[in-house]
Amino acid sequence: MRTIITGTGAYIPELEIDGRHFENIPLYDEKSNLIDKPFDETLQKFIDITEIEKRRYASESMTNSEMGKIASENAIAQSGIDRESIDYIIYATTYGEVSKSGNADFMPSASARLKNKLKINNRNCITYDMIFGCPAFVESLILANNLIQAKKAKIILVAGSDFLSRVLDPYDRNKLIFADGAGAMVVQAKTSTQSGIIHSNTICDNGEELDYMWNGTSLNKSYGQDKLYIKMSGRKVYEYALKNVPSAIKQTIDEAGLHIDDISKILIHQANAKMDEAMIARLFKLYGKDSYPHDIVPMTVQSLGNSSVATVPTMFDLINRGQLDNHRFATNDYIVMASVGAGMNINCILYRMP
């Protein structure tokens with residue numbers, strides 16, 4: 001029995017936000033000191049570090065679950081399934097529905113809202129929320145595979161969506177990293193096949209790493225301190241990811257009895273282009289290689305930003321539909337999907353294309 005991806009979908013918001021969108025608001029450093037530098041200098045340094053020049057924001061009239069619905073509808077349509085046959089909906093999200101004022105909203109759950117919007121009447125379609133930081137979509141796929149291997153389900157909808165533009169501190173330069181978006185996959189149980197999810201691994205470091213990303217008040221102490229925003233210790237996240245993600249990916253490949261030379265694509269969470277490139281370079285060094293073919297690592301962060309749980313399924317969908325540069329999937333390709341994020345959590349899936 002193998003878990004096969006039979007449909008994919010994504011929602012990329014229409015609003016394209018470039019750096020000029022942020023130039024009229026003063027920025028503060030981590031110690032709440034005003035950054036007394038020309039905005040152009042701050043922006044260029046940010047682009048040099050992350051390569052993020054643009055990001056996508058959802059409109060004020062949009063909701064997080066509506067983004068998830070659009071991506072899910074696309075995945076369901078491509079898979080050709082009857083939506084009433086879905087056994088589970090697993091919804092990866094960081095803030096749930098998230099109100100216009102930026103409050104996280106999980107009642108009712110994001111997955112229940114999604115089922116409602118999809119007009120699924122099947123009472124035996126079970127809804128789960130996966131709150132696992134940016135790696136939540138990959139972890140949802142791992143959970144879906146476990147349910148299928150345990151013969152608890154035959155068809156599962158996995159969705160991931162975050163509306164991060166509503167939880168950004170306007171005075172924090174880290175706001176330039178984050179974006180909105182949604183992705184979805186339909187996975188099904190298939191017999192008599194060598195394709196599908198081959199192997200996976202998850203690591204949870206929740207000691208001192210717990211506070212590398214958190215919710216906190218504005219860096220501008222004269223701004224309302226009654227609201228919480230997404231916060232990040234960028235240096236610590238970078239060092240943690242560079243140290244731990246390459247070995248986690250290698251472990252997954254090795255345990256499957258494969259080699260890095262067998263891998264066609266590595267879809268890594270689009271957090272920061274420089275960080276992602278450094279992690280891949282270190283992964284190849286673990287195999288004794290001083291360089292890597294850059295077409296093995298598709299990138300979207302430069303133009304879409306970091307949309308959290310949506311980055312991996314969005315990339316997969318774009319490639320699946322032939323819409324991401326010259327990247328393509330071919331039958332029997334081995335694909336790695338890997339993520340790192342708040343917690344700190346890391347996960348990795350090895351998938352063989354049908």
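What radius of gyration does the chain of 354 residues have, and what value would a compact globule have? Please then take a close look at the aromatic cluster of Tyr28, Tyr171 and Tyr223.

Tutor: This is a predicted model, in which local features need pLDDT of at least 70 and side-chain atom pairs count only at pLDDT 80 or more, while totals for chains, interfaces and linings use all residues. Residues are numbered from 1 along each chain as its sequence is written, and side-chain values use heavy atoms, with hydrogens and water left out.

The chain has a radius of gyration of 20 Å, which agrees with the value near 20 Å that a compact globule of 354 residues would have. That radius is taken over C-alpha atoms, and the globule rule is 2.2 Å times the number of residues to the power 0.38. Along the principal axes, the C-alpha atoms fill a box of roughly 65 × 50 × 40 Å. Of the 354 residues, 57% are buried; buried means under 20% relative accessible area, exposed over 50%, and partly exposed in between, with a 1.4 Å probe and protein chains only. Among contacts (heavy atoms within 4.5 Å) with a separation of 6 or more, 77% come from residues 24 or more positions apart. There are eight helices and 13 strands; these are DSSP runs numbered from the N terminus, helices being H or I with at least four residues and strands E with at least two.

The structure holds seven aromatic pairs. Rings of Phe, Tyr and Trp (its six-membered ring) pair if their centres lie within 6.5 Å; planes under 30 degrees apart count as stacked, over 60 as edge-to-face and the rest as tilted. Tyr28 and Tyr171 form an edge-to-face pair, with 5.9 Å from centre to centre and 75 degrees between the planes. This pair links distant parts of the chain, 143 residues apart: Tyr28 is in the loop between β2 (15-18) and α1 (39-50), and Tyr171 is in the loop between β6 (155-163) and β7 (180-190). Both Tyr28 and Tyr171 are buried. Tyr171 also pairs with Tyr223, again edge-to-face, at 5.0 Å centre to centre and 65 degrees between the planes. Because Tyr223 lies in the loop between β9 (213-216) and β10 (229-232), this second pair ties together parts that are 52 residues apart in sequence. The relative accessible area of Tyr171 is 15%, so Tyr171 counts as buried. Tyr223, at 32%, is partly exposed.

Other rings have a charged partner. A charge sits over a ring if NZ of Lys or CZ of Arg is within 6 Å of the ring centre and within 35 degrees of the ring normal. Arg166 lies over the face of Phe163, 3.9 Å from the ring centre, and the charged end of Lys250 sits over the ring of Tyr287, 4.8 Å from its centre.

For the setting, consider a sheet. Strands β8-β13-β12-β11, in that order, form an open sheet of four strands with mixed pairing; two strands pair if DSSP finds at least two bridges between them. β8 (196-204) and β11 (263-268) stand at the edges with a single partner strand each, so one side of each has no neighbour in the sheet. The twist averages 15 degrees from one strand to the next, where axes are lines fitted to C-alpha atoms (for helices over the stretch in contact) and angles run from 0 to 180 degrees between N-to-C directions. Strands β12 (residues 334-341) and β13 (residues 345-352) run antiparallel and are joined by eight bridges, and Val340 has Ile346 as its bridge partner in β13. Across β11, β12 and β13 lies helix α8 (residues 311-320), running at about 140 degrees to β11.

Some backbone details complete the picture. Most residues other than glycine have a negative phi, and most peptide bonds are trans. The bond from Gly343 to Met344 is cis, with omega near -5 degrees, and Met344 is in the loop between β12 and β13. Ser308, in the loop between α7 (301-304) and α8, has a positive phi of about 60 degrees and is buried at 2% relative accessibility.
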